[in-house]
Amino acid sequence: MIIDEEQSILEAQTSSAVEELKSAVSFQGKGAMQKLVGALREMRRLLSKSEFPPVEAAIKAGAIPLLVQCLSFGSPDEQLLEAAWCLTNIAAGKPEETKALLPALPLLIAHLGEKSSLPVAEQCAWALGNVAGEGEELRSVLLCQGALPPLARMMLPNKGSTVRTAAWALSNLIKGPDHKAATELIRVDGVLDAILRHLRKADEELATEVAWVVVYLSALSNVATSMLVKSDALQLLVQRLASSNSLQLLIPVLRSLGNVIAGDSHTIVAVLLPGCEITDNVIEVLVKCLKSEHRVLKKEAAWVLSNIAAGSIEHKQLIYSSEAAPLLLRLLSTAPFDIRKEVAYVLGNLCVAPTEGDGKPNLISEHLVSLVGRGCLPGFIDLVRSADTEAARLGLQFMELVLRGMPNGEGPKLVEQEDGIDAMERFQFHENEDLRNLANALVDRYFGEDYGLDEEAE
């Protein structure tokens, strides 16, 4: 009840502040500018207040057209800054409240240009970043109105705070699902060089925002990914991973690294060559992330490793013989489910050679025998028992490798010892046809009527 009363008071104060702003906008006498800036400052103070800022009350009272009027070119910086700040706070409201800013967008975008001071441009970028973060529809409006090029140009200088805000706004603007904005951004003159420079030299806070731009560039645009691979981006991402302990920075840097490796086959084939320093460095930083106490880093690192492990025999041997292998084995039996699933992809990929076509993959027996000997089979059988169909498929596929590939026909015995037959039989009448057929075929082939007869004859 007290909260409701406080909110009602706040909304009443906001309505009064809008009336005061209306009066200040039309006032022409002495001290008009101070009166207007004072009214804007009061409005901004109210919109910054409380857990539930009175955005709706401000919109209903008619604040938006007044704030747009206050953004007119030729106005003093103090006025422009306060008006843009008010609009930034309104843009952080509910989706329907953010959409009320549509009339303000052209002027907010126009103030990103060189005619405006840096503080004003930065505040407008912040407002536009809030709008872009609200959803695809508003991103599309901003892109159509030309918001991307001036925001991109704000990334070019070495002005930390401005670049940080522009990078944050751009990561919201290009986050898709359409890839065109990401491709447009990477093609803006100087942007790639600026990204590399900021990754190399910037403080962690700025590097974090720039890394999020790289995340969306590499996730959405093949053109951007290709340009990043051909630049120093990979080395710079690895250096950041090696030198930082900031989770806020490590997450986007690791995801960017994964996107670049997964998104461009050229990366694994021609850049991450076994024996090269960059390749060893990549494995080293991924091991660091697997050792991290942070769940998200372990999961992302396993995802990146699974993509490298899907490469050549040499790539598989590199991971198999690295410090990553024992860490992955431990995670398969001890980590939360989502990490175990990613780890299973890595270990499964380590045991099969690259194949052409849809045939059964050829085994790498040395890896399979060693990993099974080191205790990975129970972890895969646990995945078979899970309700997650993707994880169950991973488990069944690994069991097929064990049943087919363990020497001296040991596979069926090992699977039986770990209650693998019981795990597979739950799929006998499963609704997923692929899983049902795969599990039933394995049971029929390896545990049919003749299973165990050799032992009984002995």
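A residue counts as buried when its relative accessible area is under 20%. In this predicted model, Ser386 has a relative accessibility of 14% and is therefore buried. Ser386 is located in the loop that runs between α25 (377-384) and α26 (389-405). When residues up to four places away in sequence are not counted, Ser386 touches Phe337, Ala391, Ala392 and Arg426.

Two aromatic pairs were found in a search of the whole structure. In the pair formed by Phe380 and Phe398, the ring centres are 3.8 Å apart and the planes lie at 5 degrees; planes under 30 degrees apart count as stacked, and the pair is therefore stacked. Because Phe380 belongs to helix α25 and Phe398 to helix α26, the pair ties together parts that are 18 residues apart in sequence. The accessibility of both partners was also computed. Phe380, at 1% relative accessibility, counts as buried, and Phe398, at 2%, is likewise buried.

A helix-helix packing was examined elsewhere in the chain. Helix α8 (residues 118-132) packs with helix α11 (residues 160-173) at an angle of about 20 degrees, and the axes of the two helices are 8 Å apart. Since angles under 35 degrees count as roughly parallel, α8 and α11 are therefore roughly parallel to each other. The crossing in which α8 passes α11 is left-handed. On the α8 side, the contact is made by Leu118, Glu122, Ala125, Trp126, Gly129, Asn130 and Ala132. On the α11 side, Ser161, Thr162, Thr165, Trp168, Ala169, Asn172 and Leu173 contribute. By residue class, the contact of α8 with α11 comprises seven nonpolar residues, six polar residues and one charged residue.

With neighbours within four places in sequence left aside, Ala39 is in contact with Glu20, Leu21 and Ala24. Ala39 and Glu314 are separated by 275 residues in sequence, and their C-alpha atoms are 68 Å apart in space.

Conventions: Residues numbered from 1 in each chain as written. Predicted model: local features only at pLDDT ≥ 70, side-chain atom pairs only at ≥ 80, totals over all residues. Heavy atoms only, no water. Axes fitted to C-alpha atoms, helices over the stretch in contact; angles between N-to-C directions. Helix = DSSP H or I, 4+ residues; strand = E, 2+ residues; numbered from the N terminus. Parallel < 35°, antiparallel > 145°, perpendicular 65-115°, else oblique. Left-handed = near helix turned anticlockwise from the far one by under 90°. Contact = heavy atoms within 4.5 Å. Nonpolar A, V, L, I, M, F, W, Y, C, P; charged D, E, K, R; others polar. Buried < 20%, exposed > 50% of the residue type's maximum accessible area, 1.4 Å probe, protein only. Phe/Tyr/Trp six-rings, centres within 6.5 Å; stacked < 30°, edge-to-face > 60°.
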